[in-house]
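This briefing sets out the chains, their contacts and a selection of individual residues. It is arranged by topic for reading alongside the sequence and the coordinates.

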Amino acid sequence: MDNIFINIAGWIRDFIAGFGLSEGLVYLAMVLVKFVAVLVFVLLNVVFLVYMERRVAGFFQERLGPNRVGPQGIFQLVMDILKLLSKEDIVPAGADKLVYKTAAYVIFVPTMLVYMVIPFGKGMNVIDLNMGLFYILAVSSLTTLIIFMAGWGSRNKYSLIGGMRAVAQMVSYEIPFVFSFLGVIMLTGSLKLSTIVEAQQDVWFIVLQPIAFIIFLIAGNAEINRGPFDLPEGEQELVAGYHTEYTAGRFAMFYMAEYANLLAMAAIGTTVFLGGWHGPWLPGWLWFFIKMYILVFGQMWVRWTFPRIRIDHMMHFNWKVLLPISLANILVTGIGIKAYEMLRTMGWW
Amino acid sequence: MLQQYSGLGIYLIAAIIFPFIIVFVALILGPKRPNPEKLTTYECGLDTQGPTWVQFKINYFLYALVFVVFDVETVFLYPWAVKFQALGLFAFIEMIIFIAILVIGLWYAWKEGALEWM
Amino acid sequence: MMPTIVFGVLSVIIIGFALAMVLSKNLVHSAIFMAATFVGVAGIYLTLSAGFLAAVQILIYVGAISILMVFGVMLTRRGDISASNLFNKRIISGVVVSAALFIILGRLILTSEWFPSSFSVPESTVGPIADLMMNAYVIPFETAALILLAAMVGAIILAKGARRTR
């Protein structure tokens, strides 16, 4: 059971190699096959997450949520897709057409690029880059500019304010977000995600780096613009923020990117702090999936429990609380590792 | 290495193509009946007053500036963290000095009110 | 063969976006084209097996510098944004200077002797960078922190002045 997906990938590889292609071409073809697999996985989960969020929000607010279409409203997700795809595609007359359209086309690209390095199980990633974690930070920083393009290109005051707020918030919280991984990297000495997961064989890094994990959760939540950090798209003041003007397929791209980012954040947290595929009895990929959904549920819980915070409070919290704590965490981790080494060489450990 | 990066290139191209398919499908499935009223900027039923692309306040720029400084710092911190256990105590002290210098910058920004949202 | 094709495609992308950036009449468009150029440069780094450098290029230039530029544009007081990046009368002198620079650089590249390194690329480029940074280049490393500090302090002083005059 543990190797079921790896075996399937092996069969496909053998099948492709049967055409007599060179080894390099087979590798590239396999990347494409894995891309499609990851894409299908992400899309199915995104659709399910939209449904799950509506149900979870319903239960938190003591109402039912969607429950009419099919058992427990499960076919609601099919209806949502059909509705989105059959709407009219509107490009506002006042919009900056080039920027407006480009933003919708590229918003999903950084998200997909993040999934490229995530190990969904032992040996189950598209490409296991050596600089995996740093690569994730680099490509996810692209989202900031794209969100600005969406907000600016719409030529709508709500969109522009939403876009500017989103950029200010995302760049601010990127710093503690980036720093929260440093403790883990100091412990493992590698940026490769599979190595980081393997280092958690005995102890998950949530135990060794609890403060970093909390910083990661808070900053990660702010990075994907979810409540209580959803000022860029606060319905009551900004309609829908930077994607107010988008409809149909283009809106679907933004919506999908939002939930795919939520899932990606949970996947990163699982990989770096929750031991990835490690766990007893069940196959590794199932453990990964379960842990990922626990984190997703946690984020939904937070969103529907806390009220939105004010923008000045949000900025103060980042620069005057989170950033100093994350710097202190690096310092403490460094001293801890050095002290542990020293004790071990002196034979006291 | 190069093989991985060529894989990355293929993956990137595939990821760029996919949104075009979605938008194209939606264009085919959806109706196309534009009228001037529909194409106006959405502002809850009111007409837009004045220009949209106005001057924003300087706080955004100041936050971006402090961000750039700390973002450059991460570039130094990451290789250091990777090699932390191999490098020994001296490198640790070097990095403490490095961070301390930038913390002075943060303290200055804090003192001068660059981190205030007003 | 393959690296040459990739290099050619990337060069076309980079030069195309760079030209678009210079020729665009809209400052925000220019900033976005500039970000696209930086992405292309990161691609060039990847073809040279410098993965970490490519990631740094994306993280710093596209993720940070472009944002700074865009915020800078949003900060300035101006009239019509679609005519914010116009040519002025110095276009001829500009062409002359850039053509001269192009000729000098091209001549230098063509006439200099190149010594291809016989070293193979290490499995991970991050570790050796850290080794060099922490041992051989300690002083430049600490100086970088001082330069960053100076940049931050200077910009805050300028911004404070701007806030007072407004």
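The radius of gyration used here is taken over C-alpha atoms, and the value for a globule follows from 2.2 Å times the number of residues to the power 0.38. The model is predicted. For chain B, the radius of gyration is 25 Å, whereas a compact globule of 118 residues would have one near 13 Å. Chain A gives 60 residues to its contact with chain B and 20 residues to its contact with chain C.

**Chain B: overall form**

- Chain B holds four helices and zero strands, and its elements run α-α-α-α from the N terminus on.
- Along the principal axes, the C-alpha atoms of chain B fill a box of roughly 70 × 50 × 15 Å.
- Of the 118 residues in chain B, 38% are buried.
- B:Gly7 and B:Trp107 are 100 residues apart along the chain, and 44 Å separates their C-alpha atoms.

**Chain C: overall form**

- Chain C is made up of six helices and zero strands, in the order α-α-α-α-α-α from the N terminus on.
- The domain assignment divides chain C into domain 1 (1–78) and domain 2 (124–166).
- The centres of domain 1 of chain C and domain 2 of chain C, taken over C-alpha atoms, are separated by 22 Å.
- Buried residues account for 28% of the 166 residues of chain C.
- Among the contacts in chain C with a separation of 6 or more, 59% join residues 24 or more positions apart.

**Contact between chain A and chain B**

- The contact is formed by 60 residues from chain A and 51 residues from chain B.
- On the side of chain A that touches chain B, two or more residues each come from helix 2 (23–60), helix 4 (97–106), helix 5 (108–115), helix 8 (157–180), helix 9 (182–188), helix 14 (248–272) and helix 16 (311–345) of chain A.
- Helix 16 of chain A provides the largest share of that side, with nine residues.
- By class, the side of chain A that touches chain B comprises 40 nonpolar, ten polar and ten charged residues.
- B:Gly7 lies in helix 1 (residues 2–29) of chain B.
- Apart from its neighbours within four places in sequence, B:Gly7 is in contact with A:Tyr27, A:Leu28, A:Val31 and A:Ile127.
- B:Gly7 counts as buried because 22 other C-beta atoms lie within 10 Å, and the cut-off for a buried residue is 20 or more.

**Contact between chain A and chain C**

- Chain A contributes 20 residues to this contact and chain C contributes 17 residues.
- On the side of chain A that touches chain C, helix 6 (132–140), helix 7 (142–153) and helix 8 of chain A each supply at least two residues.
- Helix 7 of chain A gives the largest share of that side, six residues.
- The side of chain A that touches chain C has 17 nonpolar residues, three polar residues and no charged residues.

**Helix 12 of chain A**

- Helix 12 (residues 210–223) of chain A has 14 residues and spans 20 Å from its first C-alpha to its last, close to the 20 Å expected at 1.5 Å a residue.
- Ten of the 14 residues of helix 12 of chain A are buried, and the helix is mostly covered.
- The buried residues of helix 12 of chain A include A:Phe213, A:Ile215, A:Phe216, A:Asn221 and A:Glu223.
- These buried residues pack against helix 8, helix 9, helix 11 (205–208), helix 14, helix 15 (284–305) and helix 16 of chain A.
- A:Asn225, which follows helix 12 of chain A, has a positive phi near 55 degrees.

**Positive phi in loops**

- A:Trp281 is a residue other than glycine with a positive phi, near 60 degrees.
- The loop between helix 14 and helix 15 of chain A contains A:Trp281.
- A:Trp281 counts as exposed because 6 other C-beta atoms lie within 10 Å, and the cut-off for an exposed residue is 12 or fewer.
- C:Ser49 is not a glycine, yet its phi is positive at about 65 degrees.
- C:Ser49 occupies the loop between helix 2 (27–47) and helix 3 (51–75) of chain C.
- With 16 other C-beta atoms within 10 Å, C:Ser49 is partly exposed.

How values were computed
Residues are numbered from 1 along each chain as its sequence is written. Chains are lettered from A and ligands numbered from 1 in the order in which they are written. This is a predicted model: local features need pLDDT of at least 70, side-chain atom pairs count only at pLDDT 80 or more; totals for chains, interfaces and linings use all residues. Domain bounds come from an automatic or database domain assignment. Two residues are in contact if their C-beta atoms, placed from the backbone, lie within 7 Å. Ala, Val, Leu, Ile, Met, Phe, Trp, Tyr, Cys and Pro count as nonpolar, Asp, Glu, Lys and Arg as charged, and the others, Gly among them, as polar. The expected span of a helix is 1.5 Å times one less than its number of residues.
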